[in-house]
Amino acid sequence: MTIQKLEPVKSKTQPLSDYIDGKLHETPYLKIDYETLGVAGSDISCGAVQLGDVYRLVVYRYHSGGHIVADDGVSDSMIQGAASWICSQRLDMVQCNRAIASALLPFLGSYSLVPGVVMRAPKAASASGMARRASREELLSVAKLICGDSEIGKHYEVDELYSQLVEREKSQGCRSMVIERDGAIVAHAATYGESSDLAVIGGVKAGKGSQKGDGAVVLADLVFDARLRGKTPFAYCYIPALIPWYEKQGWEIVAHVAKLEKVPCFGRECHA
């Protein structure tokens, strides 16, 4: 089944808003991007499968990453349509719930499935005062810190991430919090996406020169800042060893998700 591209004139129809709202816990990023960026732009593509006025599946691309939400039990033809869309958009990574990811994988020979969770932040009682908001001039140093991590930085090049950090700061009010020691940024956490009432946190990293606990401190200070501005923070976690660390900070799992990552093909191609 073919994915129908959504045009800007239809971008804020109430049924689509309601459909995305109903999938909030499994893809808070999609809700933020849909509300703040819409469905049109050089780095954006959005499509859907509808049966009458009812949405059954929605796809969304921002730069080289994508999101898919779908009803339980969608047909094989809808899954194949979504797989074809992923291939046509040449996405490096797609996030969705685990059932949809597992259904898509057989049609995506050049992708691997990585399970993960979406977590919701606790209410932070106060800020430590150790972290501060990074200036725009410091975002290049932030991008280098993140891209130096083989896991959280593997989907980015430094210049690309820097551009996205600046763009999201301008368009969504996103902010990076850092801890600085001896003139160098040693720990970082950021809101990678923000809407009026939500924030997705990422880029949590304690690097060279950091002290024990700096990662937890910069994360807690960012959560406090987001809560103070009326936003509920969420985070995606695809590193199993980090889930207990987040839980120790009071975060709770709200959804089990997966990401489909592009891998070297070695002769394999998309099958959709």
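Val117 stands opposite His256 in strand E12. This is a predicted model, in which local features need pLDDT of at least 70 and side-chain atom pairs count only at pLDDT 80 or more, while totals for chains, interfaces and linings use all residues. Residues are numbered from 1 along each chain as its sequence is written, and side-chain values use heavy atoms, with hydrogens and water left out. Helices (H or I, at least four residues) and strands (E, at least two) are DSSP runs, numbered from the N terminus.

Strand E12 (residues 252–262) pairs with E6 in the antiparallel sense over ten bridges; two strands count as paired if DSSP finds at least two bridges between them. E6 also pairs with strand E11 (residues 232–237), again in the antiparallel sense, over four bridges. Within that pairing, Val118 has Tyr236 of E11 as its bridge partner.

## Sheet order

Twelve strands form an open sheet with mixed pairing, in the order E1-E2-E3-E4-E5-E12-E6-E11-E10-E9-E8-E7. Its edge strands are E1 (4–5) and E7 (132–133), each of which pairs on one side only. Strands of a sheet pair through backbone hydrogen bonds, either parallel or antiparallel.

Elsewhere in the sheet, E3 and E4 pair in the antiparallel sense over six bridges. Leu57 has Ala70 of E4 as its bridge partner. Ala70 is also among the residues in contact with Lys23, together with Val69 and Asp71, when neighbours of Lys23 within four places in sequence are left aside; contact means heavy atoms within 4.5 Å. Lys23 is found in the loop between helix H1 (14–21) and H2. Lys23 is buried, with a relative accessible area of 15%, where buried means under 20% relative accessible area, exposed over 50%, and partly exposed in between (1.4 Å probe, protein chains only).

## Arg120

Arg120 is found in strand E6, which covers residues 111–120. Arg120 is partly exposed, with a relative accessible area of 24%. Beyond residues up to four places away in sequence, Arg120 touches His25, Thr232, Pro233, Phe234, Gly250, Trp251, Glu252 and Val254.

Two of these residues are joined to Arg120 by side-chain polar contacts: His25 at 3.4 Å and Glu252 at 2.7 Å. A polar contact is a pair of N or O atoms within 3.5 Å; within protein, one must be able to donate a hydrogen and the other to accept it, and residues adjacent in sequence count only if both atoms are side-chain atoms.

## Helix H3

Helix H3 (residues 76–89) has 14 residues, which at 1.5 Å a residue should span 20 Å; its end C-alpha atoms are 20 Å apart, in agreement. The expected span of a helix is 1.5 Å times one less than its number of residues. Arg90 follows H3 and has a positive phi, near 55 degrees.

The buried residues in H3 include Met78, Ile79, Ala82, Trp85 and Ile86. Cover for the buried residues of H3 includes strands E2 (44–51), E3 (54–62), E4 (65–70) and E5 (93–97), helix H4 (98–104) and E6.

Gly173 follows H6, with a positive phi near 75 degrees.

Asp33 lies in helix H2 (residues 28–37). Asp33 is buried, with a relative accessible area of 1%. Not counting residues up to four places away in sequence, Asp33 touches Gly38, Tyr60, Tyr62, His67, Arg168 and Gln172.

## The chain as a whole

The secondary structure of the chain comes to eight helices and twelve strands. The radius of gyration is 19 Å, close to the 19 Å that the globule rule gives for 272 residues, so the chain is as compact as a globular protein of that length. The radius is taken over C-alpha atoms, and the rule is 2.2 Å times the number of residues to the power 0.38.

Buried residues make up 53% of the 272 residues. Of the contacts with a separation of 6 or more, 68% are between residues 24 or more positions apart.
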